[in-house]
Amino acid sequence: MTMLTRLQPSRLWTFFAQICQIPHPSKQEAALSNWIINLANAKKLTLLQDAKGNLLIRKAATDGMEQSQPVILQAHLDMVPQANHDTAHDFSRDPIQPYIDGNWVRAKGTTLGADNGIGVAACLAVLTDPTVRHGPLEVLFTVDEEAGMGGAFALQPDWLQGKLLINTDAEQDGDIYMGCAGGLEARLDFKLDYEALPAGYLGYQLTIGGLQGGHSGLDIHEERGNANQLLCRTLFRLQQCFPLKVGTLHGGTLRNAIPREARAQIAIPAGQQSEFVRWCQDEAALLKQEYKLTDAAISLNCTPCATLASVLTPQSQKPLLAGLVSLPNGVIRMSHALKGVVETSTNLGIIRLEGQQLSAISFVRSLTDEGRLQLKNVFAALAELCQATALFSGDYSGWAPDPDSTAMQIAQQQHQRLFGNKANIMVIHAGLECGLFKKAYPALDMVSIGPTIKGAHSPDERVSIPSVERFWQLLIATLAAIPAQAGTI
């Protein structure tokens, strides 16, 4: 913690170090919320909290800025809880352990929470730094962003007073975002029947691991291996070569993180043990070759395990594996309007077997409503074909770009003034909350900025130290440049 406070800007890094000490995974933000509430009360700032848990803090304009257009700073309080398999970490109790690695800050064995902890820290620094110039200011802290955008969905239309909003959840220095993808959770539920394992079978655990994982939007174009998809593919191939019996199947923990590990408990006739082991070795070599450029550490391991008491019936196993191996995954379509930008994608984030039901949970993203609808139809049709039930939830539209955005123009001008070059005006293939804010506040003029964060939603998450300082400079310069009337620069 002391190491972080020596970085610049010191106030922002000090707040981030304190945030790391307070557990705040999605749906467990209360401790962090209470800490912020105490801070706001100590600074005698106006504070509101809605029924969902969103916080709104108001601060009067600094001297000479009273006539400036009211502005909203926004960040989400929750973080993605992901840990390496060999890291014992309870995200509901244990603090994050950040450390400095050259020009980066990382965490020991877990996600860092720079997404969106750096944004939260920046907002708190603005609220408490008397040298930052700004007009009438509102700071909105939302909850539950990473697990379904529950806070943004619950935002009331009469709460915010500002007309310009600066979202701090972008993850690339030098980019200014003015649009984002919408999203949809697609879940297929398979009802399963079991039977006793026939005599003469041996139990094995198959594990796909060693994958990079990552953010299911920002990293989807990298075409990294998805452990769930690869395990399902392996099982489907395996049953074509051996009289396979499947007992359990699990993989992934979050719908919006590319899964890094998946496992299944299976059974193989004892007489085919040697052939099975050789088959797995050959399949592991194929995976190594296929993913040598994206996931060099990928592994497929088969280890003996206790003999299974029961396994899926053939009538359950066959349509299950056929359905799982058919699930769409990865980039579906690139945008023709925005070169190099993913338009539509889907991520098979979770496979969860509980009792007699297996749930396969995917997260769909698209810049267009039609893209989401088409994938929704694909999942619904697939469910009919493989005797499953399709369930859809959390459907939200994207944030459509506004080329006349005042907020974007101000941020762009300040970027040019500070750094001598224009920022890249971008649309992000991720679910910023801005799209949902537009539902409650259609006239809101928004922009999103942030430092460079790599490996978000995975234990490889890291934030660039130099980019945090540039992000801070751009943020406070933009606040100081907000005009008296929207649209006047």
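Me: What is a nonpolar core, and which residues touch the most other members of the largest one here?

Reply: A nonpolar core is a set of buried Ala, Val, Leu, Ile, Met, Phe, Trp, Tyr and Cys residues joined through side-chain atoms within 4.5 Å; buried means under 20% relative accessible area, with a 1.4 Å probe and protein chains only. In soluble globular proteins, nonpolar side chains tend to be buried together. In this predicted model, the largest nonpolar core has 90 residues, and Phe141 and Leu475 touch the most other members. Helix α4 (residues 114-128) gives the largest share of this core, 10 residues. Apart from it lies another core, of 49 residues, including Leu244 and Tyr291.

Me: What does the model rest on?

Reply: As a predicted model, it needs pLDDT of at least 70 for local features and 80 or more for side-chain atom pairs, while totals for chains, interfaces and linings use all residues. Residues are numbered from 1 along each chain as its sequence is written, and side-chain values use heavy atoms, leaving out hydrogens and water.

Me: Which residues does Phe141 touch?

Reply: A contact means heavy atoms within 4.5 Å. Leaving aside residues up to four places away in sequence, Phe141 touches Ile36, Asn54, Leu55, Ile57, Ala75, Leu77, Val120, Cys123 and Leu124.

Me: How many residues of the protein count as buried?

Reply: Of its 489 residues, 58% count as buried.

Me: What share of contacts joins residues 24 or more positions apart?

Reply: Among contacts with a separation of 6 or more, such residues account for 79%.

Me: Along its principal axes, what does the C-alpha trace span?

Reply: The spans are about 85 × 45 × 40 Å.

Notes:
Buried < 20%, exposed > 50% of the residue type's maximum accessible area, 1.4 Å probe, protein only. Helix = DSSP H or I, 4+ residues; strand = E, 2+ residues; numbered from the N terminus.
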